[in-house]
Amino acid sequence: MAAGAASGGSATTDTYKEARTWLLLPAWVTLSILVLAPVVMMLIYSFLTKEFRGGVIWEFSLAAYDQFFFDRGLFGDEPPKIEWTYIIIFWRSIWQAGAATLLSLVIGFPTAYFIATRSENMRPIWVFLITIPYWVNLLIRTVSMKFLLRDQGPLNDFLISIGLIDSPLHIVNTNFAVQLGLFYSYLPFMVLPIYAAVERYNFALSEAAADLYASKWTTLRRILLPAVKPGVIAGCILVFVPSMGSFLAPDLLGGAKNFMIGSLIEEQFKGNAGNWPFGAAASMILLTMVLVLLMLFARQQAKAEKAEG
Amino acid sequence: MKSFMKTSVAAFALTVGANAAAAEGELVLYHWFEYMPQEVLDKFTEETGIEVTMDTFDSNESMLASLKAGGIGTYDLSVPGDYMVSIMANEGMLDTIEDGELKNKGNIEPEWADPSFDPGRKHSIPYQWGSTSFAVNRDVYSGDIQTTDILFNPPEELQGRINMLDAQGEIMVMASLHLGIPQCSSDREQLKALNALLQDAKQHWTSFNSDTAKEVLVSGDAAVGQIYDGFSAKAREEGANVEYAFPTQGYVAWMDNVVLLKDAPNRENALKFMDFLLEPENIAAVTNFAQYNAGVKGVSDFLDPNLASQPEKNPHDNVGPGVFIEVCSEEVQAVYDQIWTNLKK
């Protein structure tokens, strides 16, 4: 303590140095209980034997991973081929989540830019307005979305009444409806990080670029975007990751006709299959995929920064 | 300070009051959605002072899963369908009701007093029974609907406008009836045919949804919906021009039952509630709400007179058999799960 006081400026850091381990303890305990323990449990379950109608038998088994990667026919006794079913389901989820992320970015970026360029006392009000719809439960918002989009719903009524279309557009129970639902569910996760980044951006840089005869497009692409890139990336991750695991939108707006990763996993725990190890294995594969994606991305970032530096 | 004292005293009084109410105890019920009228629960609380807490589920399987994942010991009563009662009993999840513990047990109608899914009614009492088939919007299609072809080989007007229940059991039974094969058959050719039938029929189906089975018919999103008879009647009353079909190939019959769960925290109160539901007047209130049928003697005096004449309760002469969902062996269930994944991949 005395040493800390003597060194002046860095007093805070030094003061808590000895106690740091203890002060971090609550955070570590919370993280291990809420994050680590469930993941470890899933990992263990994925290597256990399935009990009929849900539950596990405590015997080591690779059956869950075998089921994921190998197709042994309807009766499970044919020579193994590559199983495409689950790869297709994963690919569909990635594609849907990707489309929803792109849609969020296209709408979210200008929105964030708009808010960040308002006067300082107006910004909190705009942010507040963005969050208002999200006070309502996700399930209710998704159901309302279905009401809006249905064949006899207000959207189709409106489009018909202004003469744009003659017969209703079939939107509900299509992939597009799922993408719209995901986009709507997670839009604020795109807007808020980008807003935070744009707000800190020094607009004098844009003016400088304009003075140097950069077109507006060039300024956006070469000055603004690189500066707010971390916010954009954070937004994309925050929309993409939960979209991949979502099952509400596919169930309600997509008609539950095609499994997404989320609904496939849900089926293993809540459906007839009652195959907990397989549900755990699918979760682990999803987790690994997301981790690898994020790590690849982080490495790419580090490389890019090195090259620039 | 004075006002602070007042508030504290008031708060204290409230706490004491709440405790007094809780002293009569509570009851925790795990039930289907939209299946228990609030006034029936209120009446029970009024009569006994027991507070009822209710959680809901949307399929027998999801209920089984939550109970397995730690719900045992939390809930007193649940309401599984027929086949699920035997599954739960085999899993040892049900408590036994000893002779004489239910004073109204004699009120159970003789035909439901000794069902195959719970011989001797050791664990359960009847809640409601009815049928599951499908309803067709008559504005869209006016032809013959008394056939399972409507679901599996639909006429052009109905293609792409069919909502199925998101329930493996109900779909497998209807498909088996359509093919004329026994349920839970282990015959490979029959299982392959079942797989092929569903693969082919899927192109005509627009969605799988149980909890909005009624709404999609009322809103017109679907022209055909696989549905429970009471839900179909409600859809009709809410203005949809739907007719409930009794296919000549057969349809699904079911009975939901109130079961006493193992390690029920309020076993005494649970038995009181079961007795309460065996009173004709009380179970009739449930029937009037849900529009199915009770399995208790003497309910007719309390029933809405319109119920008995409902088309959903009066099959035509050529109707096929009403069959209960059977419990398949582990081997056959594994194939069923594979067929189900193939259907939804």
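This is a predicted model: local features need pLDDT of at least 70, side-chain atom pairs count only at pLDDT 80 or more; totals for chains, interfaces and linings use all residues.
Helix 6 of chain B contributes B:Ala175, B:Ser176, B:His178 and B:Leu179 to the contact. Helix 7 of chain B answers with B:Ala193, B:Leu194, B:Leu197 and B:Leu198. Six of the contact residues are nonpolar, two are polar and none is charged.

Chain B is divided into domain 1 (2–128 + 256–307) and domain 2 (130–253 + 315–344). The centres of the two domains, taken over C-alpha atoms, are separated by 30 Å. Between them, 12 residues of domain 1 of chain B are in contact with 12 residues of domain 2 of chain B. On the domain 1 side, helix 4 (residues 82–90) of chain B supplies the largest share, four residues.

Chain B also touches chain A. Here 30 residues of chain B are in contact with 26 residues of chain A. Helix 3 (60–71), helix 7 (188–201), strand 6 (205–208) and helix 13 (330–344) of chain B each supply at least two residues of the chain B side. Helix 13 of chain B gives the most, with eight residues.

The table sets out the residue classes of two contact sides.

| Side | Nonpolar | Polar | Charged |
|---|---|---|---|
| Domain 1 of chain B, touching domain 2 of chain B | five residues | five residues | two residues |

Terms used
Residues are numbered from 1 along each chain as its sequence is written. Chains are lettered from A and ligands numbered from 1 in the order in which they are written. Two residues are in contact if their C-beta atoms, placed from the backbone, lie within 7 Å. Ala, Val, Leu, Ile, Met, Phe, Trp, Tyr, Cys and Pro count as nonpolar, Asp, Glu, Lys and Arg as charged, and the others, Gly among them, as polar. Domain bounds come from an automatic or database domain assignment.
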